[in-house]
Structures are given as structure tokens and as C-alpha cells.
Amino acid sequence: MTGIFGPPPVAVDFEVLAGAAFARIPQPFAEHLEGITIHVEEYADAETLAQLGIDDPFDLTGLYQGRPMSDDSLWISGEFRPRITLYRQPLLAEWCETGVTLEDLVTHVVIHEVGHHFGLSDAQMHALERSAR
């Protein structure tokens with residue numbers, strides 16, 4: 001096969017895709033997303049992987065860190081704001097392996113992590129993802 005391939009998407013590209021996914025999240029969820037920060041890292045660090053019981057860093061594409069709204073609607077003083085971390089290399093690998101568009105893949109991961117923020121079940125996360133397309 002011949003062809004010209006550009007460089008792989010960089011962190012800022014993932015931030016733009018995540019921002020677009022956030023913008024498509026419908027009400028009443030959208031009004032409760034303020035303050036969630038998006039971060040892009042190459043891989044999860046060893047400590048994070050160990051805490052989650054994950055051996056292969058390619059098995060983790062995203063992570064929500066924060067207090068779910070179902071636990072408490074207010075942040076406790078001294079806590080960091082909720083954050084979603086996207087792991088660039090695992091996302092790129094999944095993108096190449098599955099043929100799913102990168103936009104759809106990032107949207108899926110963002111919606112899943114936002115679902116953790118709201119304490120949603122997997123079925124509710126899938127419904128939210130369908131409404132955000």
C-alpha cells in the first residue's frame with residue numbers, strides 16, 4: 001500500500017475532540033459539567049494502573065477522578081475538581097485496531113467518564129452516548 005500519512009493526533013487534538021463531545025452532552029447533564037477538567041497523558045502511570053488492578057497500560061483509555069455527584073453534590077474543601085484523563089497512546093492503538101473514528105472513540109470514552117461523574121449505570125451511559133451523537 002502506498003500513501004501519505006500525516007503525524008498522529010497530538011494532545012491538543014484530543015482536547016478539541018473531548019471539548020466537542022462535552023458540547024454535545026444534553027441537558028440536564030450539561031449544566032453539571034462545569035468544573036470538570038480534561039487532561040491528556042500518553043499512558044496511565046504505574047501507580048494508577050496498580051490501583052485499578054490493570055497490568056497492561058493499553059487497557060486503560062480514560063479515567064474519571066473525583067467525587068461522583070451521586071455521593072455528594074458539593075466538593076469538599078481541599079479536594080481537587082473532578083477530572084477526566086484521556087490516555088493518548090491506548091486511544092490511538094484502539095483507533096487503529098477497530099476502525100472506529102477517533103471522534104467517536106473519544107466521545108465514547110468521555111461519555112463513559114462523565115457517566116462516572118453522575119454515578120450512572122452502564123445502560124444509562126449508553127443512553128447518554130446515544131443522545132450526544
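## Exercises on a predicted model

Arg88 lies in helix α3, where helices are DSSP runs of H or I with at least four residues, strands are runs of E with at least two, and both are numbered from the N terminus. The model is predicted, so local features need pLDDT of at least 70 and side-chain atom pairs count only at pLDDT 80 or more, while totals for chains, interfaces and linings use all residues. Residues are numbered from 1 along each chain as its sequence is written, and side-chain values use heavy atoms, with hydrogens and water left out.

**Exercise 1.** Decide whether Arg88 is buried or exposed, and list what Arg88 is in contact with.

*Solution.* Begin with the cut-offs: buried means under 20% relative accessible area, exposed over 50%, and partly exposed in between, with a 1.4 Å probe and protein chains only. Arg88 counts as buried because its relative accessibility is 9%. Next take contacts, meaning heavy atoms within 4.5 Å: leaving aside neighbours within four places in sequence, Arg88 touches Pro8, Pro9, Val10, Ala11, Phe14, Val40, Glu41 and Glu42. Then widen the view to α3 (residues 88-98), whose buried residues are Arg88, Pro90, Leu91 and Leu92. The cover over these buried residues includes α1 (11-23), β1 (37-41), β3 (83-87) and α4 (102-118).

**Exercise 2.** Find which residues of helix α5 are buried, and where they sit around the axis.

*Solution.* In α5 (residues 122-131), the buried residues are Met125, Leu128 and Glu129. They lie on the same side of α5, because their arc around the axis is only 100°, the arc being that of the directions from the helix axis to the C-beta atoms. An α-helix has 3.6 residues a turn, so residues three or four places apart point the same way. On the face turned away from the buried side of α5 are the exposed residues Ala123 and Arg130, whereas the cover over the buried residues includes α4.
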